[in-house]
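Trainee: I have a model open and want to go through its architecture. Can we begin with the sheet?

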Amino acid sequence: MWLPWGNNRRINTGAGGAHLSRRLSATSFKDLGSLLPPAPLSASADPNPTTTSHPESPVIHRTFSLRSSSRDSFDISHFDADQSLPKQVIVYSTSFRAVRKTFDDCSTVLTILRGLRIFFDERDVSMDSRYLAELKMLVGKNKVSLPQVFVDGRRIGGAEEVRKLHESGDLKRILEGAPMAGGGTCRACGGVRFVVCGTCEGSHRLYSEKMGKFRTCAMCNENGLVRCGLCIKTV
């Protein structure tokens with residue numbers, strides 16, 4: 001809560017000091033306009049305006065708008081530009097449950113997108129650390145939050161933004177033109193999108209007879225896994 005002005009400043013005005021202190025403590029933000037000098041009129045301004053405009057303060061009235069977002073400003077009409085090519089939807093998420101809120105946010109976004117029955121490329125940073133490095137490069141920050149949704153290379157946002165877009169109906173419009181998801185679960189990976197590397201058999205190490213020692217397998221990630229070629233397709 002804001003502290004009363006009368007408790008923050010001491011004004012010595014003699015006999016009228018107490019009266020002035022009570023007036024200052026009762027002053028509100030609405031009365032500040034009367035205490036400030038009038039702004040000078042520009043040459044093009046109308047000296048006798050018939051109506052007065054009062055723009056809303058973005059600090060007091062913070063509303064989410066896809067068309068005028070302060071963090072990622074873009075127009076929703078950009079997604080309607082070319083319907084001849086299928087849209088590519090990429091979701092950076094995590095299946096690691098150490099941070100419950102992050103895991104719940106990722107689950108919420110994935111549930112919303114699956115409910116729309118569109119194909120999207122889920123990139124689990126807990127399964128492959130290269131996805132996290134890729135996400136940091138895309139957003140230009142070393143510290144990123146999950147999940148993050150991209151459509152045709154344009155960042156939509158995280159769980160809160162996706163939830164609001166879904167409630168307003170704008171998310172469905174943004175995703176128009178995305179390929180439809182296939183039914184059922186992948187028989188090769190069981191839906192986890194990764195399989196064990198066939199080159200090193202999941203050890204992420206290969207023995208080199210020429211060098212006489214083990215070397216890192218270049219075919220898989222640090223967990224000895226590779227992307228499933230059946231359920232992950234390029235669009």
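Mentor: This is a predicted model, where local features need pLDDT of at least 70, side-chain atom pairs count only at pLDDT 80 or more, and totals for chains, interfaces and linings use all residues. Residues are numbered from 1 along each chain as its sequence is written, and side-chain values use heavy atoms, with hydrogens and water left out.

Trainee: In what order do the four strands of the open sheet stand?

Mentor: Strands are DSSP runs of E, at least two residues, and helices are runs of H or I, at least four, numbered from the N terminus. Two strands pair if DSSP finds at least two bridges between them. The pairing here is mixed, and the order is 2-1-3-4.

Trainee: Which strands stand at the edges?

Mentor: Look for a single partner strand. One side of each such strand is left without a neighbour in the sheet. The edge strands are strand 2 (121–124) and strand 4 (154–157).

Trainee: Which residue of strand 2 is the bridge partner of Val91?

Mentor: Strand 1 and strand 2 run parallel, joined by four bridges. The partner of Val91 in strand 2 is Glu122.

Trainee: At about what angle does helix 4 run to strand 1?

Mentor: Axes are lines fitted to C-alpha atoms, for helices over the stretch in contact (heavy atoms within 4.5 Å). Angles run from 0 to 180 degrees between N-to-C directions. Helix 4 lies across strand 1, strand 2 and strand 3, and its angle to strand 1 is about 155°.

Trainee: Which residues touch the most other members of the largest nonpolar core?

Mentor: A nonpolar core is a set of buried Ala, Val, Leu, Ile, Met, Phe, Trp, Tyr and Cys residues joined through side-chain atoms within 4.5 Å. Buried means under 20% relative accessible area, exposed over 50%, partly exposed in between (1.4 Å probe, protein chains only). This core has 18 residues, and the two that touch the most other members are Val89 and Leu175.

Trainee: Which element gives the largest share of this core?

Mentor: Several elements each supply at least two residues, among them strand 1 (89–93) and helix 6 (159–168). The largest share is four residues, from helix 4.

Trainee: Within what arc do the buried residues of helix 6 fall?

Mentor: They are Ala159, Glu161, Val162 and Leu165. The arc is that of the directions from the helix axis to the C-beta atoms. These residues line one face of helix 6, because they fall within an arc of 165°.
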